[in-house]
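Have a look at the model first.

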Amino acid sequence: MPTTEFGSIQFAEVDWNDAVCLITYGPLPDKLFLSIKAVGLLQIPLLQRKENGLLRIICGSRRLAVCRELGLQPLLCQILPDSLPLHTCLRMAIYDNLAHRRLNPVEKSLALTKMADHMDKSEVIEEFMSPLDLEPSVVLLERYEKLAQLEPFVLDALASGRLNERVAFALTPLEQTDRLALFQLFEELPFSVSVEEELVEMVVEIGRRQGIGPAEVINLREIRKVRAADTKPARQRAQDIRRHLQALRSPRLTARKERFAKEVRDLKLPAGVRLVPPPHFEGPRWNLECTFESGDELAARLRHLTKLADRRKFQRIMKSLC
Amino acid sequence: MNYRPERLLIEKPVAENRLVQRILAALQDVPVDWVDRLKDDPTSRNGKVLEIVKFQGRFIKPCPGTRFYTCCGYQILNLGVQCFLGCTYCILQAYFPNPNLRLFGNLEDMWQQLEEHLQSSPRRVHRIGTGEFTDSLLLDPLTRMTEDLVPFFAAQPNAVLELKTKTTQVDLLESLDHRGHTIVAWSLNPSSLIASEEAATATLEERLEAARRCQEWGYRLAFHFDPLLVYPDWQNGYSEVVDQLSSAVDPGDIAWISLGTLRFMPSLKPIIRQNHPRSTILEEEFIPGLDGKMRYFRDLRVEMYGYLSRMLRNWHKDLCIYLCMESNDIWRESLGFDPAECGGLSDILDGQALP
């Protein structure tokens, strides 16, 4: 630990715009207000005296902000000398936070990005990724570096947990309008994380196929219609949108499914009997499910089913092209 | 396509090998780094370094088929890995993140393993190819491997060598005594796709001209429509390829023609997106196949195979056409038969293999 002094500071001495060592992101927690109001500041913030005489916050930015709002000055702080290198201060900030809480994805991104300005990527990966609960890899490091560049509305959602970092990674390469369009959809309707990832990919690919941007895909009339149908439960609308996008992305498979459904209806299978095609109609393994409640019922259904394989309508179902 | 690495990175244990000496003689002014054992050093990996290492694994292996789709019983002779032709769909991008070309220098081990392998099953027909993890002829002007391989296979009563390439580097083949035991093969695609998806390869015309020359030198040929790629005018595109093929070579000397639509491991998708952002091959409709690889929806595959096989049979009805890694139901629907009815695909191709 470098030499520090203790001193009482005035808030006017703090350079509130200097965020070079700050990795904290998110709103001030109400309980911090409550705690400081009730028992005062228990942990002393750490700052660094800059060449211009102002103070740079190293650790305790939230505590300082709360004290400022509560007008608790002068305030006892620890002051580092200006001779201390920035990366040493930044490292203190990261380890201080790591020691007592789990960082949100934006904070992880800030920590990694800021350290990467002072160290080789390989050193950042080795020293910080595991302590940040991240798999040490250059690909993941680069993904996190890009997160920090996203718009505040995405960062806020990430920090608060409304948006998962996997989905944010998928949104990162998109244009801002496209990102916003998808983000709003995810804010509006309940999708799982994996479905959100799937939707980003589908929307991009549909756009490429149709020669339009992802935002335009989200804005297609049918999608707008589903979103606007607010008499339906949100979960139902989310499922409808996913189904609709799947149909746009996989028109042949969708047509085949629809044709299959119609042909099975035409077969007039007995009640309790269900014909199940292979997943995606891939491979030769079809299933016929039969439920029954008595031996007579089973016998009747089996009599019906023995003739099924010879029926032209059934044979037609098994063929791909008509 | 004159390949000239910026640097050679060679493991000392293979320093005295003939292949290394050949390459050093051919690239006298290229700097060489000698290492005991090549480490995973990402900084050395820009694709412009030629690595020569001691290969610790098996040089000859069966082609990695799966039980879900009909496999042809091909065998792979692994002489090196990676390729710089930059085909957008290439699986090597996922298999080998290191872009450097890597050759295996301990060829004495390769020859020993190959001989033992052929002797271990003398009654079996061995169809062996070197084009699985690299292009068979990509570095041939430098390595001159065909000068050793072609005569070796010429002396094997039960084996053929298939050299698969997208290049025109066939010059060394002219004077070799092949005795019909080497088949020279090209993968084919419409010119527009070659330009957009196989940008650093030879053009269709150049490939067919190289094939014509090989045929003139008595080699039998093979062609692989693999990967077949869907694009808006694919029917006309592939018809033109068949037309050009029919004008270039005599069908009587074609050992086989394979058809295989694009398929890829899901992990390749983001790599293609990153390495080839302009490629359109991922925009078609894919489903996960029984082997976990992404494939075109079956109806489309059946349509493509049916279309291509009709075109090819219209040209020459006796062509041996097979599907690469497809299930029996797709065979029946597109080619009209199931290979199991004819003794199995492996036997069909074995029957075509030897001169």
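How many salt bridges does the rule find across the interface of chain B and chain A?

## Charges across the interface

The rule finds seven of them between chain B and chain A, counting a side-chain nitrogen of Lys or Arg within 4 Å of a carboxyl oxygen of Asp or Glu. One pairs E205(A) with R273(B), with the closest N and O atoms 3.0 Å apart.

This is a predicted model, where local features need pLDDT of at least 70 and side-chain atom pairs count only at pLDDT 80 or more, while totals for chains, interfaces and linings use all residues. Residues are numbered from 1 along each chain as its sequence is written, chains are lettered from A in the order in which they are written, and side-chain values use heavy atoms, leaving out hydrogens and water.

## What gets covered

Contact here means heavy atoms within 4.5 Å: 23 residues of chain B touch 19 residues of chain A. About 1900 Å² is buried between them, 47% of it from carbon and sulfur atoms; that is accessible area (1.4 Å probe) lost on being put together, summed over both parts. On the chain B side, E283(B), E285(B) and F297(B) lose the most area to chain A, together 31% of what that side buries.

## A helix pair in chain A

Helices are DSSP runs (H or I, at least four residues), numbered from the N terminus. In chain A, the axes of α4 (residues 105–116) and α5 (residues 121–129) come within 10 Å and cross at roughly 145°, with axes fitted to C-alpha atoms over the stretch in contact and angles running from 0 to 180 degrees between N-to-C directions. L112(A), M115(A) and A116(A) of α4(A) meet V124(A), F128(A) and M129(A) of α5(A).

How values were computed
Helix = DSSP H or I, 4+ residues; strand = E, 2+ residues; numbered from the N terminus. Buried area = accessible area lost by both parts, 1.4 Å probe.
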